[in-house]
Amino acid sequence: MTADVRRAMVVGAGALLVLGLLAVVAAGDATGTDLANRLAGPSPRHWLGQDGLGRDVLVRVARGARVSFAVAAAVVLLSLVVGVTVG
């Protein structure tokens, strides 16, 4: 394995780790609206800003990451079961 491949693997694993930690520890209301502050930019309270309905974008990304990781785990588990059974 070359150094470039190792570096890419470390960067990819680090990104997955950061997203995984974000999905686990992020708290907040993903559906609460704040129309007075809609489309607000990043701030100390809302790191990625707010969307068109005033919802916190970072919290919504974290909730989406939870769903994505759950679906990915289910697909891997299903593939493992089918692969072992067929093989």
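Where is leucine 19 found? Leucine 19 sits in helix 1, where helices are DSSP runs of H or I with at least four residues, numbered from the N terminus. Welcome to a predicted model, in which local features need pLDDT of at least 70, side-chain atom pairs count only at pLDDT 80 or more, and totals for chains, interfaces and linings use all residues. Residues are numbered from 1 along each chain as its sequence is written, and side-chain values use heavy atoms, leaving out hydrogens and water.

- Leucine 19 is partly exposed at 37% relative accessibility (buried is under 20%, exposed over 50%, partly exposed in between, with a 1.4 Å probe and protein chains only).
- The C-alpha atoms of leucine 19 and valine 75 are separated by 19 Å, and the two residues are 56 apart along the chain.
- Leucine 39 lies in the loop between helix 1 (3-25) and helix 2, and is exposed, with a relative accessible area of 61%.
- Although not a glycine, leucine 39 has a positive phi of about 60 degrees.
- Leucine 77 belongs to helix 2 (residues 57-86) and counts as exposed because its relative accessibility is 52%.

**The largest pocket**
- A pocket is an open set of points on a 1 Å grid over the protein atoms alone, with protein on both sides within 12 Å along at least five of seven lines; lining residues have an atom within 4 Å of a point.
- The largest pocket has a volume of about 190 Å³, a volume being the space filled by probe spheres set on the points.
- Residues lining the largest pocket include Asp29, Arg45, His46 and Val59.

Note on methods:
Helix = DSSP H or I, 4+ residues; strand = E, 2+ residues; numbered from the N terminus. 1 Å grid on protein atoms, 1.4 Å probe; cavity = no way out; pocket = protein on both sides within 12 Å on 5 of 7 lines; lining within 4 Å.
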